[in-house]
Amino acid sequence: MTSPASADPATPATGDGDRLDKRVLMVAGVVVLGAIMSILDITVVSVGLETFQREFDATAAQVAWTMTGYTLALAAVIPLTGWAADRFGTKRLYLLAVALFTAGSLLCAAANSLEMLVTFRVLQGLGGGMLMPLGMTILTRAAGPDRVGRVMAVLGIPMLLGPIFGPILGGWLIENASWHWIFLINLPIGILAIAYAMVVLPKDEVEPSETFDFVGMLLLSPGLALFLYGVSSIPQAKSEEGTAWTGEVLGTMILGALLIIAFVPWALRRANVHPLVELRLLKNKNMTVALIAMSLFAIAFFGASLLFPLYFQQVRGEDAFEAGLLLAPQGVGAMITMPIAGFLADKIGPGKIVLTGIAVITVGMAMFTQLQADTSYLYLLSALFIMGLGMGGTMMPIMTAALATLTQHNVARGSTLLNIQQQVAASIGTALFSVILTDGMNDSKWLKVGGAVRQAGNDQQAIAAIMERFGVTPEQLRNLESLVLGDMADAFATVFVVATILVACCLIPAAFLPRKKVQVDTDPEHGVALVH
């Protein structure tokens, strides 16, 4: 959808084209509020899983559906966002998304059974899945192609800091209030976001959109949901069945992949139908390269985000709140470099910024490959700070490279494509690192001995049999706890080797990102970005 520049609420201001003016900053405030709700909610709820087990007398596998249901709802609704934004307008759709998310949060807090909680989490996910692609679309249209880097830096604040500070907030709320408050906290934020959006976002001026692609929806939305369900089930299958490749995992992944593959030729053939995902955007070199770089980065970043708090909790004995606080240096580092990187990406192109950011992250991640059970906190916090500096100069400049060269007509579609890819990559990264860590733990001699000794309790004959079976000396038995923690630290270090390699691999696609400012003109009739 394109509309005259004078009527399009997303058309960038014609004043100072360099700095972010008051109007753009006010729009950014609306988008950030929505992003904070959506992203914080994922990590905040993860802290409450053990509490849900106690409250609802459920198993770990059962309460995991509070996360899985939310993720599957996200996957199902993201492909619809681009079409719906063009058909109904970004303001109307944004208000609906925030309202759905807020209502789902309130219902989650009122749930009195696990089944109700999972159902209401799905409702939350339907709203939350639209917030990020819509936010990208609104900000990119408001700022214009010359300032995409800076507005992406604004949006990157909740995207990078949510996984870091979510556990802090969740742990504090559960310890000092109750689990209901990890949902109720969204109520005032949602009400504020709705009121703010109604005032700040301009009235929608929509034109007739292409026909909705029902066949594409029936292929892509369930395909993504099934594929992500299979991927997210891998860690649980590994821990319970001893193998990641159970019939349920393989069946859902294969069926989901087949539906996604079937969507590709269908989407490319449709000329008069609005595709759920505009695959023709991949003809844009910057979009394709950015998607590849973002995939590798998201796998490594979101996978590593899982490992940091686990190490602090399982090896160093910190609780969820303390583990979250220890991750703060990462957020501080990102906050320092993110606005600088956004400004420079607009001025000199994102390529050099991303290459530098990835190199810095690689250094910080490599420091974690030397983990031990007693590694000094100064060393760990320094590594996290270094990684934060790199992250602030990586994730959002990559998105800038993808969106800066798109016309306004294609911004919503590009945002949808980016968010689908990021969701898939994040799920793959989480599953990959969980399986590698589980394998490392399962291969540990001392973890096996420790588990057997705990089961034996005070049965001295059983303990003697364990010592003979594993060749354990009395001195080793006395130092069993330190030996167990040492093996656990080694397992984490091994996973960080994989993470470091994946991050370093991002340098290859990043080398092909634009290394100079993208020259963009604006069509005076339609307000559409034209790339030369």
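Two residues are said to be in contact when heavy atoms of each lie within 4.5 Å. The structure described here is a predicted model, in which local features need pLDDT of at least 70 and side-chain atom pairs count only at pLDDT 80 or more, while totals for chains, interfaces and linings use all residues. Residues are numbered from 1 along each chain as its sequence is written, and side-chain values use heavy atoms, with hydrogens and water left out.

Not counting residues up to four places away in sequence, R121 touches D41, V45, T66, M67, Y70, C108 and F183. This arginine belongs to helix α6, residues 114–143; helices (H or I, at least four residues) and strands (E, at least two) are DSSP runs, numbered from the N terminus. R121 counts as buried because its relative accessibility is 0%, where buried means under 20% relative accessible area, exposed over 50%, and partly exposed in between (1.4 Å probe, protein chains only). The side chains of R121 and Q124 are joined by a polar contact of 2.9 Å. Such a contact is a pair of N or O atoms within 3.5 Å; within protein, one must be able to donate a hydrogen and the other to accept it, and residues adjacent in sequence count only if both atoms are side-chain atoms.

Next comes the nonpolar interior. A nonpolar core is a set of buried Ala, Val, Leu, Ile, Met, Phe, Trp, Tyr and Cys residues joined through side-chain atoms within 4.5 Å. The largest has 144 residues, of which Y94, M152, L155, F308, F368, F492 and F496 touch the most other members. Helix α13 (residues 285–314) supplies the largest share of this core, 17 residues. Apart from this core lies another, of 19 residues, including F52, A109, A111 and L117. Leaving aside neighbours within four places in sequence, L155 has contacts with V31, A35, M132, G135, M136, L139 and M396.

What of the cysteines? The structure holds zero disulfides, a disulfide being a pair of cysteine sulfur atoms within 2.5 Å. For C506, the closest cysteine sulfur is in C505, at 7.3 Å, which is too far for a bond. C506 is buried, with a relative accessible area of 1%, and C108, one of the residues touched by R121, counts as buried at 0% relative accessibility.

Finally, I340 lies in helix α15, residues 328–348. With a relative accessible area of 48%, I340 is partly exposed. The C-alpha atoms of I340 and A153 are separated by 8.6 Å, although these residues are 187 residues apart along the chain.
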